[in-house]
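Here is a friendly note to read alongside the model. Take the points in order, and keep the structure in view as you go.

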Amino acid sequence: MKNMKIINKSELTPEKIEQVKKYVPKRYEDAWLENAPEKVKEWLEKDGREKRSLFIYGKCGTGKTYIVFGIKKNLLLLEDRDFTIWNSTKLASIFRDESMTKSEYDRNYTLENLLKTTDRLIIDDFCAEKYSEFLEECFYRIMNDRWESTAPMMITSNFSLKEISDRIGDRIASRIAGMCDIIELTGEDKRLV
Ligand SMILES: Nc1ncnc2c1ncn2[C@@H]1O[C@H](COP(=O)(O)OP(=O)(O)O)[C@@H](O)[C@H]1O
Ligand SMILES: [Mg+2]
């Protein structure tokens, strides 16, 4: 992910604010990067960083999904190009469906292949899905391809890399560790305060 300017809501017209809200779920309509934790903003804005990918982890309610939808809105404003934030559980169910319904011919046109090459990959809540060897392989292939092609990505999770390694395997955890700068979010569950 390239470094980006963080747009403040105060710079925008009410029309622009309304327009960009439509691209995110209702609950995150008011997610603005200006309210994100300082260390996240610093990383996003930083010029010439060594690693271009980011792994954000922290307990439930620490603001991970807020950040990714804030990023989505910010990028929409900067580049006017829509893209999907992939919830990991949803991805898992699509991978399963595709493996059952795609014919041999269609196999090239899977979501998995798309995610290997897209220039913008953001996966939210990684490892929330129930473990299976099949899913481990899917996620491994995606991350390994991106690792090999040095394509950037952003991943959030309730789990640390150590926990991810225990849950889904150290091959995936080590790819993430190799590619990503790591930010831990701490603090109370914002849903409860
Ligand atoms: N920086 C923030 N400013 C204001 N509200 C926030 C912020 N971060 C999170 N929230 C709110 O707190 C709640 C939990 O945040 P969320 O991003 O869903 O947590 P997580 O994805 O880490 O479980 C949401 O309702 C969200 O809108
Ligand atoms: Mg979340």
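Which residues touch the most other members of the largest nonpolar core?

1. **The core.** They are I67, I122, I123, I155, I172 and I176, in a core of 41 residues. Here a nonpolar core is a set of buried Ala, Val, Leu, Ile, Met, Phe, Trp, Tyr and Cys residues joined through C-beta atoms within 7 Å. A residue is buried if 20 or more other C-beta atoms lie within 10 Å of its own, exposed if 12 or fewer, and partly exposed in between, with C-beta atoms placed from the backbone. Helix 3 (residues 64–79) gives this core its largest share, six residues. In soluble globular proteins, nonpolar side chains tend to be buried together.

2. **Reading the model.** This is a predicted model, in which local features need pLDDT of at least 70 and side-chain atom pairs count only at pLDDT 80 or more, while totals for chains, interfaces and linings use all residues. Residues are numbered from 1 along each chain as its sequence is written, and chains are lettered from A and ligands numbered from 1 in the order in which they are written.

3. **Overall layout.** The protein has eight helices and five strands, arranged along the sequence as α-α-β-α-β-α-α-β-α-β-α-α-β. Helices (H or I, at least four residues) and strands (E, at least two) are DSSP runs, numbered from the N terminus. The C-alpha trace spans about 50 × 35 × 35 Å along its principal axes. For 193 residues, a compact globule would have a radius of gyration near 16 Å, and the 17 Å of the protein agrees with that; this radius is taken over C-alpha atoms, and the globule rule is 2.2 Å times the number of residues to the power 0.38.

4. Of the 193 residues, 28% count as buried. Two residues are in contact if their C-beta atoms, placed from the backbone, lie within 7 Å. Among contacts with a separation of 6 or more, 85% come from residues 24 or more positions apart.

5. **Strand 1.** How many residues of strand 1 (residues 53–57) are buried? Five of the five are, so this strand is largely enclosed by the rest of the structure. S53, F55 and Y57 are buried on one side, and L54 and I56 on the other, which leaves both faces covered. In a regular strand the side chains alternate between the two faces of the sheet.

6. **Partners of strand 1.** Two strands pair if DSSP finds at least two bridges between them. Strand 1 pairs with strand 5 (residues 180–184) in the parallel sense over five bridges, and I56 stands opposite I183 there. Strand 1 also runs parallel to strand 4 (residues 154–157), joined by four bridges, with Y57 opposite S157.

7. **Strand 3.** All five residues of strand 3 (residues 122–126) are buried, five of five. Strand 3 pairs in the parallel sense with strand 2 (residues 85–87) over three bridges, where I85 stands opposite I122. Three bridges also join strand 3 to strand 4 in the parallel sense, and I123 faces I155 in that pairing.

8. **Two positive phi angles.** D125 is not a glycine, yet its phi is positive at about 65°. D125 sits in strand 3 and counts as buried because it has 21 C-beta neighbours inside 10 Å. T150, also a residue other than glycine, has a positive phi near 55°. T150 lies in the loop between helix 6 (133–149) and strand 4, and its 9 C-beta neighbours inside 10 Å make it exposed.

9. **I67 and I164.** Leaving out residues up to four places away in sequence, I67 touches A36, V40 and I56. I164, in helix 7 (residues 161–168), is buried, with 23 other C-beta atoms within 10 Å.

10. **Around ligand 1.** Which residues surround ligand 1? They are R27, N35, A36, C60, G61, T62, G63, K64, T65, Y66, K190 and R191; a residue is near a molecule if its C-beta atom, placed from the backbone, lies within 6 Å of it. This shell divides into three nonpolar, five polar and four charged residues. Ala, Val, Leu, Ile, Met, Phe, Trp, Tyr, Cys and Pro count as nonpolar, Asp, Glu, Lys and Arg as charged, and the others, Gly among them, as polar.
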